[in-house]
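This report describes one chain of a complex and the way it meets its partner. The sequence and the structure come before the description.

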Amino acid sequence: MLSFVLRKGLRAGLTVLLLATFTFFVLRTSGDPAVLLVGLEAGPEAVEAFRRRWGLDQPLWKQYAIYLQQLLSGDFGQSFVGNRPALEVVAERLPKTLWLMGVTAVVTLAIGIPLGVVAALRRDSWIDRLAIGVSVAGLSLPNFVVGVLLILLFGVALMLLPTTGSETAWHFILPVATMATGDAAVFARFARSAMLDVLNQPFMRTASAKGLDRRRAVMRHAVPNAAIPLVTVFGLYVGRIIVGAVITENVFAWPGVGSLLVLSVETRDLAVVQTIVILVGVTMVVTNITIDIAYRWLDPRTAEERTLG
Amino acid sequence: MADTASISTPAAFARRFWRSSSPSVRLSLLWILAMVAVAAFADLIAPFDYTAMDLRNRLAPPVWMERGSWVHPLGTDDIGRDVLSRVIYSIRLSLFVALLGTVIGAAIGTSIGFLAARFRGWVDDLVTTAIDFQSALPFFILALATLAFLGNNFVIFVAVMGVYGWERYARIVRGMAFAAQAQGYAVALRTLGASPARIYAAHILPNIASAIIVNMTLNFPETVLLETSLSFLGLGIQPPMTSLGNMVGFGRDYLLTAWWIAVSPAVVIFLTTLAFSLLGDWLRDRLDPTVKGR
């Protein structure tokens, strides 16, 4: 287990390193990074000072080493906005985004998984067909279309819910609904197929043969086993919810990291973009490694099968 | 007699397709064909040029509403441009960009997959590491970063669309090419002295083409979503060009007064990606025996 964790950790570190390398080289090939990062109106002294501070007068390999060193010590460069550290600018937006994603994830799982379980138990019933149909639609419908339609319905036509900002609990409803509808359907689909696999297993027959009633057999034996493959889906889901948050925050003017990212891309506030990209990378890598370890812990049979993932 | 003799003609294929498909798959196919026709004949179908302004008819509603007229069946936007015409030209551009992106992605991914299978060793290690790296990160974020770093123009944007999804092609092709190399026909060709390029391009490629095509049908709607999402945020297709995504993006400022600007392209996006998903799922079930019964 220890060597497994170590190997995964190395791989995760490699991914983050590759990502940092990617941002380094793309940034360096896109023009003079000093001018880009400091801004055109900064004046030659500021550019020169920046160049020296970031070691841009050094050869490329040395710059790369310095860059990695800076990242490791938590220096992600300066944002144009108020000339503050980029990390600080991102960090103050983070709570809003984490709240949005957290609430959305809870709602998504609370709707999606029970729906999938029920669909599997009543295979080919109307609820099963509905779950499958909605999940296909959910995968096809982009967040921004759902968001715009929800604004139109609940914000404009019915005038029930606020459509911009994040001040009250009411403000959560539309953004969360926007992100949760599609993803709950996706979870329902995965939960359904995982349940169908488990329901056909011999141990389920044993459970009913020894006289366990259906309800208890499902709750005690089927659901926990079906939950194992769902753990891997969660890794994909974290990626989806990050992208979903970027778009949804923009639709609803939610003042989080997603809005900041789009704003920073527009204004080419590259230090901030770089910080967010690395933050997302680290999040994904930590998620994946956690899932790999959890999966192995939950299902020891997969010890060797999944190492290549 | 004609039926058995013409089993492989396109007409017979179409007939078999029609008989074995469900109504939703048929509707999807019809919708996609309609969209392709709209894209191909946009100049003939569109009543107006997509930049033509009708300043006396700004924010005109669609024909079925009060004050609507047949001159602008889906209404007009804030500077009097015909929404129907703009939707038509947007369909053309969005489909064109997605098609380019899908073809480029398939070409890049397939080549990389072949390279890994041909040279093995450190090349293969490099490719698998790159595949793992790419699939560990949401592409949308990388696309945003690339557009921020390199700036946005049409060529860069199409290149980003092309890179999208390469890792899935590479993974599939690498695996299948590894398997194909060990099969009799590849071994025979090698013994006969055929060059590796010839074996891969002329013999292995046709044998694994169906898997690549299935992946293309799955990748295409995702590329449409990526393009429209980026364009919606104002970071994709730039005006004066028009895509379905940036129509929704501009239209959302008028949701209170002129909802039709955003809703028409939104509905087209939804139906088109839905049709592709249904068709892609169906194709995958038919051509890929490993996913039966899901």
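Chain B has an average pLDDT of 85, and 95% of the residues score at least 70; pLDDT is the predictor's confidence in each residue, from 0 to 100. Residues 1–6 of chain B have a pLDDT below 50, and beyond near neighbours in sequence this stretch has two contacts in the model. Two residues are in contact if their C-beta atoms, placed from the backbone, lie within 7 Å. For the complex, the predictor gives an ipTM of 0.83 and a pTM of 0.85.

This is a predicted model, in which local features need pLDDT of at least 70 and side-chain atom pairs count only at pLDDT 80 or more, while totals for chains, interfaces and linings use all residues. Residues are numbered from 1 along each chain as its sequence is written, and chains are lettered from A and ligands numbered from 1 in the order in which they are written.

Chain B contains 13 helices and zero strands. Helices (H or I, at least four residues) and strands (E, at least two) are DSSP runs, numbered from the N terminus. The C-alpha trace of chain B spans about 75 × 60 × 35 Å along its principal axes. Of the 294 residues in chain B, 44% are buried; a residue is buried if 20 or more other C-beta atoms lie within 10 Å of its own, with C-beta atoms placed from the backbone. Among contacts in chain B with a separation of 6 or more, 68% join residues 24 or more positions apart.

A nonpolar core is a set of buried Ala, Val, Leu, Ile, Met, Phe, Trp, Tyr and Cys residues joined through C-beta atoms within 7 Å. The largest one has 123 residues, and those with the most contacts inside it include A:Leu261 and B:Leu144. Helix α8 (residues 170–199) of chain A gives the most to this core, with 14 residues. Apart from it lies another core, of 16 residues, including B:Phe114 and B:Tyr169. Leaving aside neighbours within four places in sequence, B:Leu144 is in contact with A:Leu261, A:Val265 and B:Leu235.

The contact between the chains takes 35 residues from chain B and 41 residues from chain A.

| Helix of chain B | Residues |
|---|---|
| α6 | 121–136 |
| α7 | 139–150 |
| α11 | 196–232 |
| α13 | 260–287 |

The largest share of this side, nine residues, comes from α7(B).

Definitions and conventions:
Buried ≥ 20, exposed ≤ 12 C-beta atoms within 10 Å, placed from the backbone.
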